[in-house]
Amino acid sequence: TTTIPEDVVSYLEEITGEKIQAIELGKKVLETNQRWDDKVTTYQEAQQEFQEFIDDFANFVGVFTEPGPPASQSSLVSTHDELTILVNLIYEDTLELLEGLTAPDTGERRAAALDSFNSNLDLFIERVEQIVASTTSN
């Protein structure tokens, strides 16, 4: 049996916690978007909530990026770089969601941003799960 180094275990626990946080943030985005689609929320409220998501995900990018995996684990360093790119794409999607909300179209831009947001978030969650699984099964 191979023992996983403690710093690697800590990193895996950290990204698993961050995955859960991303899922929670994602649920909030979907709920707010649905309330706007269902006309349950005002334009002003929706704008404010979408701005809060931008702030939340800006913070999430910072929290996720550092400290990262142990530098001695080159494969984890490269997969962390990949995850960091995804986290930044998710953040860009939140910016685009607000742009889409305020766009003069009939919701197409926001819908496209939401599709991208969901796709990038799903990919992030899937990659974290793959990294944890492959690291703990070796």
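**Ground rules.** I number residues from 1 along each chain as its sequence is written. The model is predicted, so I take local features only at pLDDT of at least 70 and side-chain atom pairs only at pLDDT 80 or more, totals for chains, interfaces and linings use all residues, and side-chain values use heavy atoms, without hydrogens and water.

**Helix α1.** I looked up its extent: residues 6-37, 32 residues. Helices here are DSSP runs (H or I, at least four residues), numbered from the N terminus. From first C-alpha to last, α1 reaches 47 Å, close to the 46 Å expected; the expected span is 1.5 Å times one less than the number of residues.

**α1 against α4.** I found the two axes within 10 Å, crossing at roughly 160°. Axes are lines fitted to C-alpha atoms over the stretch in contact, with angles from 0 to 180 degrees between N-to-C directions. The crossing makes α1 roughly antiparallel to α4, a term for angles over 145 degrees.

**Loops.** I checked lysine 39, in the loop between α1 and α2. Its phi is near 60°, positive in a residue other than glycine. Lysine 39 counts as exposed at 70% relative accessibility, the cut-off being over 50%. In the loop between α2 and α3 I noted proline 67. The peptide bond from glutamate 66 to proline 67 is cis, with omega near 5°. Most peptide bonds are trans.

Notes:
Helices (H or I, at least four residues) and strands (E, at least two) are DSSP runs, numbered from the N terminus. Angles under 35 degrees count as roughly parallel, over 145 as roughly antiparallel, 65 to 115 as roughly perpendicular and the rest as oblique. Buried means under 20% relative accessible area, exposed over 50%, partly exposed in between (1.4 Å probe, protein chains only).
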